[in-house]
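Trainee: I have a new model to read. Where should I start, and how do I work from the overall fold to single residues?

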Amino acid sequence: MTKKYQETNSKYKYRVLVCAGGGCVSADCHEVKDALLQSLKENDLEDQVLVSETGCIGTCNLGPVMVVMPEEVFYTRLKPKDIPEIVKSHLVEGNILVNKTYFDMGALKRVPYLNEISFFKKQVKIALRNCGLIDYSSIDEYIANDGYKAVLKVLQEMTQEEVTQEITKSGLRGRGGAGFPAGIKWEAGRKAPGDQKYLICNADEGDPGAFMDRSIIEGDPHTIIEGMMIGGYAIGANKGFCYIRAEYPIAVERLEYALKQAREAGILGKNVFGTDFAFDIEIRIGAGAFVCGEETALMASVEGKRGEPKQKPPFPFQKGLFQKPTIINNVETLANIPPIILNGSEWFNGFGTEKSKGTKVFALAGDIVNTGLVEVPMGMTLREIVYDLGGGVPKKKAFKAAQMGGPSGGCIVSDDLDTPVDFDSLAQLGAIMGSGGLIVMNENNCMVDVAKFFMEFVQDESCGKCVPCRAGTKAILEVLDRILEGNGQENDIELMEKLCENIKKTAICGLGQTAPNPVLSTLRYFRDEYEEHIQNKPCRAGGNTK
């Protein structure tokens, strides 16, 4: 299959990769693609230029974008009317149309080649290794890029115990937020007694500003299938579920198609690669409730019940989905599995820090020049991420803070810009890695307003099962409203701190226990803004006091 694929593609002089990630789809990338195909036809270039749709390339604020291979020339902000000129200049005459290539806002110049653009240069792509580079809809191209080679290796060469040990040695920690060691979780699943076990892919990505998992599924769905197959083999499961929120229709559509291709190729189902191993995957679509990212609520939703959390223990590996041992990994965690198996644990833990191995995908959003997806080695400083990759804060405004880890996380301030971004360093600052949302705020952001934004989200998304989360977050939000409306009282800060501590101690699930974090984090670093609102009404940042 690989040889035939390579022979078919080798006849083309150029290959044009049209980004069809979520951002580019919303910017009408398919109109650009149609214009490209039409222009190639008019110039009789159909036999010389191959056009492919890919997942997200990373630069979500520049869409639609496309890359001309093999030179890796990066064209951005395209309109259908731009295409004929690009085709004539680049693909007919061999001259790059520079004025439509990437514009570096910092250097104030065009940078045509991908490998010379600062946004890409410091990235190390493991989980995103195929996104933006291969046709997401082609199982042939996935296989030609070593796809399904890792699952073949574990089935032919490794025992279940050897697989879990390899993942443990790699140091891979779960990328969904808690950072629990993936190998230890798999080992618990492997040792759990029971003839029927399940592996679940958690694709219920609900943090404001986060779109990493969605982009991986959209750009490389076969990687998730392969990661789940390896996990299923390791723990002794023959059935997997991928739980995706309904707001991700493109991801659902592409994963469904990839599953169909894998079944037709004999990769999914009974006797995988001629072995006794059987595995199949079913997609379950969630209604978009934030709480369903929590393990027990997710499993309840898969079972067709109301998505509400339960107290642990028992843990999912003991009594999970349908009362059977179950292991749950998020999308990015699973995307790391095939390359770890192929390249070895030592290769993987060659990236990152002592206790945080590998890389991490971040979704850059907010007041930052380059919004989009980046994958960097653990331990890269926040300054490098924000300024070297992200291009800094627009209009030369000062960096004020970055919210890490969504509403369950916390903010990092300018004094800590040189902190290495890894699990432990962030925890020391009162933030968390979370799933990888990174929202940058400039000097004009009122942090009381920021706290209110996240508390409104938490209040809206509380499942309401336990009183501390349901009523406690509502009480905090009422105090925040009062302060921002200019009616703050002298003891309001102390009242919120007391409410926060009570919620942290008594909420039933992890989401409830972390719900007060936006308030606690902003109070830790910006208490003076709360006090200014209470004493002087507006704060120095210009919060929305009425």
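**From fold to residue**

Mentor: Start with burial. In this predicted model, buried residues make up 58% of the 546 residues in the protein chain.

Trainee: What does the radius of gyration of the protein chain say about a compact globule?

Mentor: Compare the value with the expectation for the chain length. A compact globule of 546 residues would have a radius of gyration near 24 Å, and the protein chain has 24 Å, so the two agree. Along the principal axes, the C-alpha atoms fill a box of roughly 75 × 60 × 40 Å.

Trainee: How many helices and strands does the protein chain have?

Mentor: There are 22 helices and 15 strands.

Trainee: Now charges. How many positive and negative side chains are there?

Mentor: The protein chain has 62 positive and 73 negative side chains. The centres of the two sets lie 2 Å apart. Next, look for pairs. Side chains of opposite charge can pair when their charged atoms come close. A search of the whole structure finds 34 salt bridges.

Trainee: Which side chain meets K185 in a salt bridge?

Mentor: That of E295, at 3.5 Å from N to O. K185 lies in helix α9 and E295 in helix α13, so the pair ties together parts that are 110 residues apart in sequence. E295 counts as buried because its relative accessibility is 19%, and the cut-off is under 20%.

Trainee: And within one helix? Where do E218 and R214 lie?

Mentor: First the general idea. An α-helix has 3.6 residues a turn, so residues three or four places apart point the same way. Here, E218 and R214 both lie in helix α10, residues 212–219. They are four residues apart, about one turn of the helix. Their side chains meet in a salt bridge at 3.5 Å, N to O. E218 is buried, with a relative accessible area of 2%.

Trainee: Which residue forms a salt bridge with E303?

Mentor: K305, with the closest N and O atoms 3.1 Å apart. Also check for shared partners. Salt bridges that share partners join K185, E294, E295 and K312 into one network.

Trainee: What about a charge without a partner? Is D207 buried or exposed?

Mentor: D207 is buried yet has no salt bridge. The nearest side chain of opposite charge is R245, 7.5 Å away. D207 sits in the loop between β7 and α10. Beyond its neighbours within four places in sequence, D207 is in contact with F290, G405, G406, P407 and S435.

Trainee: How do I read the packing of a helix? Which residues of helix α4 are buried?

Mentor: List the buried residues, then ask what covers them. In α4, residues 83–92, they are I83, I86, V87, S89, H90 and L91. Their cover includes β1, α3, β2, β3 and β4. After α4 comes G94, whose phi is positive, near 80 degrees.

Trainee: Last, backbone geometry. Which residues does a cis peptide bond join?

Mentor: Know the background. Most residues other than glycine have a negative phi, and most peptide bonds are trans. Here, a cis bond joins G63 and P64, with omega about -10 degrees. P64 is in the loop between β2 and β3. Another cis bond joins P313 and P314, with omega about 5 degrees. P314 is in the loop between α13 and β10.

Trainee: What is the phi of L108, and what is that of K395?

Mentor: L108 has a positive phi of about 55 degrees although it is not a glycine. L108 is in the loop between β5 and β6, and counts as exposed at 62% relative accessibility. Phi of K395 is also positive, near 60 degrees. K395 is in the loop between α16 and β13, and counts as exposed at 76%.

Definitions and conventions:
Residues are numbered from 1 along each chain as its sequence is written. This is a predicted model: local features need pLDDT of at least 70, side-chain atom pairs count only at pLDDT 80 or more; totals for chains, interfaces and linings use all residues. Side-chain values use heavy atoms; hydrogens and water are left out. Helices (H or I, at least four residues) and strands (E, at least two) are DSSP runs, numbered from the N terminus. The radius of gyration is taken over C-alpha atoms; the globule rule is 2.2 Å times the number of residues to the power 0.38. Buried means under 20% relative accessible area, exposed over 50%, partly exposed in between (1.4 Å probe, protein chains only). Lys and Arg count as positive and Asp and Glu as negative; His and the chain ends are not counted. The place of a charge is taken as NZ of Lys, CZ of Arg, CG of Asp or CD of Glu. A salt bridge is a side-chain nitrogen of Lys or Arg within 4 Å of a carboxyl oxygen of Asp or Glu. Contact means heavy atoms within 4.5 Å.
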